[in-house]
Amino acid sequence: MNFPFLGKRREHPRVHDAEGIGELLADCDLLRSQALREGVRLDDSARSLEQLDQVLPRWRADEEILTWLGNDAGLYLGTVIVRTVPGAVWAIRPDGQPVVRLASGREFDVVANGQAWAEDGVPELSQLYGEVAEA
């Protein structure tokens, strides 16, 4: 039922505040603390991705940290892309997975890439960024 005196109905649940989502996804607390311990300041730049690629992967011995760190690495990669690549925005797929959508419409699953980086170091985050920035 729609009662006009009650005001507008709530927005459709699929409507997202892209800026709010971006700020939330940019937190990456575990990755930021791990990087800071290694002397790397994550400033949301492409250069910080290069520095992150050079960090000795001490986290690989701890399965729990590995999973969370991989997730954070992907979200950080996405944050750098959204903040530096024109037309790139955060999007949430129907399954709830955050992805970066480029101006071309191509979606980039940054979390999957971050998890691969945390587990194996390949591909490097800076390499992934370079591929996206060129597209």
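In which helix is Asn113 found? Asn113 belongs to helix α5, residues 110–120. The legends below describe a predicted model, in which local features need pLDDT of at least 70, side-chain atom pairs count only at pLDDT 80 or more, and totals for chains, interfaces and linings use all residues. Residues are numbered from 1 along each chain as its sequence is written, and side-chain values use heavy atoms, with hydrogens and water left out.

**View A. Asn113 in helix α5.** Helices here are DSSP runs of H or I with at least four residues, strands are E runs of at least two, and both are numbered from the N terminus. Asn113 counts as buried because its relative accessibility is 18%; buried means under 20% relative accessible area, exposed over 50%, and partly exposed in between, with a 1.4 Å probe and protein chains only. Setting aside neighbours within four places in sequence, Asn113 is in contact (heavy atoms within 4.5 Å) with Leu77, Phe108 and Leu128.

**View B. The hairpin of β1 and β2.** Strands β1 (residues 89–92) and β2 (residues 98–101) run antiparallel and are joined by four bridges; two strands pair if DSSP finds at least two bridges between them. Look for Trp90, which stands opposite Val100 in β2. Five residues lie between the strands, and Gly96 in this hairpin takes a positive phi near 90 degrees.

**View C. Leu75 in helix α4.** Helix α4 spans residues 63–84, and Leu75 counts as buried because its relative accessibility is 9%. Beyond its neighbours within four places in sequence, Leu75 is in contact with Leu25, Cys28, Trp90, Pro98 and Val111. Leu75 and Val99 are 24 residues apart in sequence, with their C-alpha atoms 8.8 Å apart in space.
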